[in-house]
Amino acid sequence: MVHCERASKPLLQCLQKASTKGLPALQVSSTRTFQTSARVQEEAQSEAQKLPFNKSPDPALVSSPRLERRLIRQGISPVGSRRRRAALQGSANIPFAQLPYQCFQEARKVLLQDREEKLADITRLREKISRLEARPTEEAGGEQVKKSRLGGMQKHLEHLKVLADINDPQVKKKFEDGQGDMSKPIYRYLADQKWREYRRKILVQRITQMKVIPDVLPHCDPIVDTKLYFNRSAVQPGDFVLANASTTAPKLDIQLFEGGEKLVTIAVVDPDVPNLETDGFDFRTHYLAVNVPISATSTKVDLAQLSVESQVVLPWEAPVTQKGSPYHRLSLFILEQKDSQPLDFAAVKAKESVRDNQLLRTLQGRYHLKAIGAHLFRSQWDETTLEVMEKIGFPLADVELRRKKIDPLPYKRRNPSTFR
Amino acid sequence: MRPLSPVLASLANVFKIPISQTLARPAIVPGPVTAAAQPAAARTFSSTNALLKRKQGAKTDRRITLIRYFLNHPLTPRPLRFSRTRYLRHWTIHRAWQLFQNQQRRAQTLELERQWHAMNAACEELRTGAGDGGRLFRKSMNKRGVFRDMFPIEYGRLQTDTPAQEGWNHAWVRPERR
């Protein structure tokens, strides 16, 4: 293998410097190409790389096994494959935005100009909004008119923010690499689109086909992406979960696609508890927590780690299914509290102490909640259920349910008198 | 005997080549080759045609066969495969082109709207500002006799955005009626 790092590295640095200094209009920032921001980290890097290559090898360019080993011993792993690194040594290493293709550069000009227009639109709209806010309500045409106009303008402003960045190839690349910053509207928009393309469809299909939607709640339009993990393994919506896996409370990953913070109530309801007296099924609440804060950037919620004093109303109860009973649907709902106002925890705790037959519809009406997310898993009798039942002290662990045998209708003669 | 592919069979059907008749005929192919290929005992005791004996359930859909045929055809161009950077460049250019077209369309629509409003304002001015009680306006809006007695020469051909390549054909004369 030819080791040309030593020779090519300083040359490359020179080239990079010259190209960035020579074209001040084409500055490259790490997050957005179209943004014009300061280049601080670039200068900081050049200070550190004064040493010769064999003393401080670059993890993005190193290709000899000896230097790689040295890097690994230092705790830095080389970037990409050795083949890629070796190829990068010989390449001109031009930043993406400055690639010398005429059509591409013309296209960038068009896109940049459009972005400028969009930014101007945004500032104009912001001024308009502030002017409307400053006007007295009577002059603006009443409370309702002013509110609806402001709401419409805010919506349009959010749309413009997305439009300003949606044509940026660097944004697309970052999003595809999963490095999107969820505090920015464009990445939230892209993530929302991706979620709606497949995962949301699956979720809605499962909760409607398994009749969770009319059984537990009358209606739910999911707007947050919910992932559910039992012992660090993800559960697809509607999966069967082993009884011993679900003894501990699950972890949730609730991705909000809007800015700001929301306070939500999380409830896990089982609508399939067999009731032998009425020959029907009852509800049972397995978990209830209120005042859980979620936002686009802080998505992880561990149901076992929520505060007992201020959030958890009913702690996690392991779902078990009696032998012979049909599978239980354990539906998890994320309900938005009205205006993101916290509920009075003590009052809720005092009122909602019963697990059996507590309808989620009642809670929804009582506390003005709105379902914004859902998830579903199922449990059935399996080989670990008995063990779990004994551990949690389930009362009817030794009972096996059987279908009621229906007596057949009395035998009818094939040729009764009415036939003749 | 190998069965013909459905494509070939359909082609043969179109061109009236009697290949399909050979399929209908009982396949009596004496010879050491087929005898070696098939188990001899099964051949002796069965009077069924080998083609008929085959399972009917395993037939692929004709459409799938055709799709496969055309996808695997040597004249079909290979799929477009780009590297990451090249795909991003392609995407950038594509987005810019879409944006440009959108801007153009928007400008055209706005221009048309502007023209329509100007015409509207002119008519309104004629109706109210001419001082004849709107008589001129009513006259101008009158559609009586339009396209009845005379037909505008401009509408003799389809209206286009740009002039024709060869311009006006001055040498044209009306063909004489006999």
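Predicted model: local features only at pLDDT ≥ 70, side-chain atom pairs only at ≥ 80, totals over all residues.
## A helix in chain B

Let's start with α7 of chain B, which runs over residues 84–129 and so counts 46 residues in all. From first C-alpha to last, α7(B) reaches 66 Å, close to the 68 Å expected at 1.5 Å a residue.

Which residues of α7(B) are buried? They are B:Arg89, B:Thr92, B:Ile93 and B:Ala96.

An α-helix has 3.6 residues a turn, so residues three or four places apart point the same way.

The largest nonpolar core has 42 residues, and the ones touching the most other members are A:Ala267, A:Ala289 and A:Phe333. Several elements of chain A each supply at least two residues of this core, including α10 (199–209), β5 (261–275), β6 (280–295) and β9 (328–337). Leaving aside residues up to four places away in sequence, A:Phe333 touches A:Leu217, A:Ala267, A:Leu360, A:Ala371 and A:Ala374.

There's also a second, separate core of five residues. Among its members are A:Phe104 and A:Ala107, along with B:Ile93 and B:Ala96.

## Out at B:Ser5

Now for B:Ser5, which sits in the segment before α1 (6–14) of chain B. Is B:Ser5 buried or exposed? B:Ser5 counts as exposed because it has 11 C-beta neighbours inside 10 Å. B:Ser5 and B:Glu176 are 171 residues apart in sequence, and their C-alphas are 60 Å apart in space.

Key: Residues numbered from 1 in each chain as written. Chains lettered and ligands numbered in written order. Helix = DSSP H or I, 4+ residues; strand = E, 2+ residues; numbered from the N terminus. Expected span 1.5 Å × (residues − 1). Buried ≥ 20, exposed ≤ 12 C-beta atoms within 10 Å, placed from the backbone. Core = buried A, V, L, I, M, F, W, Y, C linked by C-beta atoms within 7 Å. Contact = placed C-beta atoms within 7 Å.
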